Amino acid sequence: MKITAELIDYLAGLSRLEVQEGERQAMTAELQRIVAYMDVLNRLDTTQVEPVSHVFPVKNVLREDEVIPSQDRAELLAGSPAPDQEAFLVPKTVE
Amino acid sequence: MELRELTALELGAAIRRGEVSIVEAAQTALDAVSAQDGALNAFITVTGARALERAEALQAGVRDAQGPLYGVPMAIKDNICTKGVKTTCASRILGDFTPPYDAAAVDALARAGAVSLGKLNMDEFAMGSTSETSFYGPVRNPWDLGRAPGGSSGGAAAAVAAGMGWYAIGSDTGGSIRQPASFCGVTGIKPTYGTVSRYGLIAYASSLDQIGPLCRDAADCAAVLDALMGHDRRDATSLPGPRSRWDGSGPRVDYGHLLDGLTGDIRGMKIGLPVDCFGDGLDGEVRSAVLAAAEVLKGRGAQLVELPFPVLPYAVPAYYIIACAEASSNLSRFDGVKYGWRAEEYDGLGDLYCKTRTQGFGAEVKRRILLGTFVLSSGYYDAYYKKALQVKAVIRDAFDRVFEQCDLLLTPVAPTAAPRLGESLSDPLQMYLSDVYTVSVNLAGLPGLSMPCGLNGDGLPVGAQLIGPHFGEGALLNAAHAFQLETDWHRKRPPPAAADAEPPSALKGEGLCGGDLK
C-alpha cells in the first residue's frame, strides 16, 4: 500500500484536520512505515474467520424505560466555549 | 511511623485503629507532592484544599468506617471525569473542561472512603507509551529523572512510586496501566473487559479501554478492585453480577471477594511461559528477571509449562488498527462546540472544527486519527479494519487454547526497562512495537497484572506480567501475592526526587509532526 501526499490531504479533510505544508512530507513517510508494518497481517490466513468486535457474546441489553434525572442544562452549557442561556453557539451555517 | 512506607491497606488499618488521622495522611501525601512534583510533573491538578476538607469529613465518621481503604489518599488519571475538578486528558483541546458529573469509578471509590489528591498527568488522550505527549509536559520517572515513566498512565505510576498518594487509578487500552507500573516499580492490574464501568472515562478505544488500579502491592490492588468492579447500567458493555437485573445474554460475574481470596497458596497452579514472548527483541536483563520470577513461583508450588504462542507478531498491528479506528470515531466529538477549547480565529463552522482540532490536538493524537480514518475509509476498510477484527478473533482463540493447558501466563511487560526521555518521540513505530507483550491482553479482553520483579544494571525497575483467562483476577492476584510474600522488589523505593531538579521541558505547542503550531 502506497501512502501519498494526496491521500494524507484526503484523510485530513475527512478528519477535519489541516496538515500544514511543512508537515505533509514527514506525515506521509511516517504513515507509510506504519501501514507497511500493518501489512504483516496479510501473512495470516483469515478467510474462514468471523470478525469479532466484542469479546463477550453480550447482546440485547435492555432496561425498563424509566424516567430518571439527567444532567442539569446550565451545568452542561457551562463547559462550552460559547454558550448562551439555552444553547451552544456556533457561526452562522445557513445564509 | 513513616506513613509513606505503608501500603494502602496498612494505612487504612492504622486509620481505623486511630493511630493516624486521615488529615495527617492527606497532609503527608500533599507535602510529598509539594516536595517532588516540580521535578516529576506527575500531577496536572492538585486539589489540596478539597483533599483536606474531605479528610476532615471522613475523620468525623471514622468510627463507622466501612471497608479497608477508608480515608486512604489516592489520585486519579486525568481522563477520568471528576465533578467540579478540571479533567483535561492532558490535551489542549479540553482546555479548562470541568465535568458536571463523576465517573462511575470515582463514585465507587468515594463510597469506599477515598480521599482524592488530584488529577494525574498522562499521554494526551492516553495515546502513547511514555507520558511524553502531554500538553502539560512530560512526566519524569522517579527512579531516573532522565527517563520516561512509561505510559499512558505515567503520572499514576510515578505518583505511587514516589509516595505521592497510596494508590492511583488509571486506564489501560493497550498496556497503559501495566507498562508504566513496570517502569516505575509498582503493581498494576487491568481487569477483565466489562468488569469496571467505563462511564465517565473519556473514550480512546472503547472496545479495549478498561479502568484499573496502580498500587504498592497485589493486596492493595485486590482491595481497590473490590471497590471498583461491579455492574453499571450506564455502561452498555458492563457485565452483570449474579443478582443484577439483566435482560441481555452473556456471562455473569461474581464480583468482590478478591482481597478475601488472597491466600498466597498457589500449589498446583499451572503457569505457562509462552516461548514466543522470550525470543528476539527482549532485553537480556528483563528476560533473566522474569525467568527468575517464574522460579520463585515454582518454589511456592506452581508448575511451569512452556508453550507456543505463535500469534504474538500479529497483536501490535491488529491493536493499532482497531485502537486508531475507534479513536478517529471517538475523538470526532472534540470540535470546539460542546466543551473544552475553541480556536480563536476561524471562518465559518467547518473552519471552526478544523482550526480547533488542528491546534487543539497534539502530534501523536493527530497521527492516530489519520491512521484510524485511513483504515476505516472506503476502499481500505476490508484490508485493514475488518482484517484486524478477524485477527482479534484469532488471538482470542489462541488464548482460549493456551488456557486449556495452564491457569495463568507469565511474560515480560515490556521488552526493556524505562527508555530515556525523547527517545520514543522521534520514532512512533518503534514506540508501538514496544507494546508487543501487553496489547494482545486488551484485544482478548483478559485481565493482566504487572508486578515488580527486579532492578536492572542501571537500577531501573523491571516488571513481570501475569495474564489470566476472563474473570481470572483472583488467580492473578493470588499468584502476585505469593510472589510478593517471597520477594521484596515491590518494597523498593526510588530516591526522593529533588524539588530543585530542572523542571520538565514542556511540549506545549507541538504541531502535527513536531513542527511549530500555528
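In the predicted model, the buried residues of α7(B) are B:A218, B:A219, B:D220, B:C221, B:A222, B:A223, B:V224, B:L225, B:D226, B:A227 and B:L228. The helix is thus mostly covered, with 11 of its 11 residues buried. Just after α7(B), B:G230 adopts a positive phi of about 150°.

Packing of two helices is described by the angle between their axes and the distance between the axes. For α7 (residues 218-228) and α15 (residues 473-486), both of chain B, the angle is about 155° and the axes lie 8 Å apart. Angles over 145 degrees count as roughly antiparallel, and α7(B) and α15(B) are therefore roughly antiparallel to each other. On the α7(B) side the contact is made by B:A218, B:A219, B:C221, B:A222 and B:L225, and on the α15(B) side by B:E473, B:L477, B:A480, B:H481 and B:Q484. Sorted by class, this contact of α7(B) with α15(B) contains seven nonpolar, two polar and one charged residues. An α-helix has 3.6 residues a turn, so residues three or four places apart point the same way.

Chain B also contains an open sheet of 11 strands with mixed pairing, in the order β1-β3-β2-β4-β6-β5-β10-β11-β9-β7-β8. Its edges are formed by β1 (43-46) and β8 (303-307) of chain B, each of which pairs on one side only. From one strand to the next, the twist averages 30°. In a regular strand the side chains alternate between the two faces of the sheet.

Within this sheet, β10 (residues 448-455) of chain B runs antiparallel to β5 (residues 187-190) of chain B, and three bridges join the two strands. Opposite B:S450 in β10(B) stands B:G188. The pairing of β10(B) with β11(B) is also in the antiparallel sense and extends over seven bridges. B:G448 has B:I467 in β11(B) as its bridge partner. The two strands β10(B) and β11(B) form a hairpin with five residues between them, and B:G459 in the turn has a positive phi of about 75°. Since seven of the eight residues of β10(B) are buried, the strand is largely enclosed by the rest of the structure.

Helix α8(B) lies across β7 (270-274), β8, β9 (408-412), β10 and β11 (461-467) of chain B, and runs at about 105° to β10(B). B:V286 belongs to this helix, which spans residues 284-299 of chain B. With 24 other C-beta atoms within 10 Å, B:V286 is buried. Not counting residues up to four places away in sequence, B:V286 touches B:P412, B:P415, B:T416, B:A417 and B:V462.

The largest nonpolar core comprises 192 residues. Those with the most contacts inside this core are B:A105, B:A159, B:A168, B:A315, B:A318 and B:I321. The element that gives the most to the core is α9(B), with 13 residues. For B:A168, leaving aside neighbours within four places in sequence, the contacts are B:M74, B:A75, B:I76, B:K77, B:L120, B:A156, B:A159, B:V160 and B:L214.

The contact between the two chains takes 65 residues from chain B and 50 residues from chain A. On the side of chain B that touches chain A, the elements giving two or more residues are α9 (312-330), α10 (349-360), α11 (363-376), α12 (381-405) and α13 (428-433) of chain B. The largest share of this side, 11 residues, is supplied by α12(B). By class, the side of chain B that touches chain A consists of 35 nonpolar, 18 polar and 12 charged residues.

In chain A, residue A:I34 is located in helix α2 (residues 21-38). A:I34 is buried, with 22 other C-beta atoms within 10 Å. Its contacts, not counting residues up to four places away in sequence, are B:L371, B:P428 and B:L429. A:I34 and A:G79 are 45 residues apart along the chain, and their C-alpha atoms are separated by 36 Å.

Methods:
Residues numbered from 1 in each chain as written. Chains lettered and ligands numbered in written order. Predicted model: local features only at pLDDT ≥ 70, side-chain atom pairs only at ≥ 80, totals over all residues. Contact = placed C-beta atoms within 7 Å. Helix = DSSP H or I, 4+ residues; strand = E, 2+ residues; numbered from the N terminus. Nonpolar A, V, L, I, M, F, W, Y, C, P; charged D, E, K, R; others polar. Axes fitted to C-alpha atoms, helices over the stretch in contact; angles between N-to-C directions. Parallel < 35°, antiparallel > 145°, perpendicular 65-115°, else oblique. Buried ≥ 20, exposed ≤ 12 C-beta atoms within 10 Å, placed from the backbone. Core = buried A, V, L, I, M, F, W, Y, C linked by C-beta atoms within 7 Å. Pairing = 2+ DSSP bridges.
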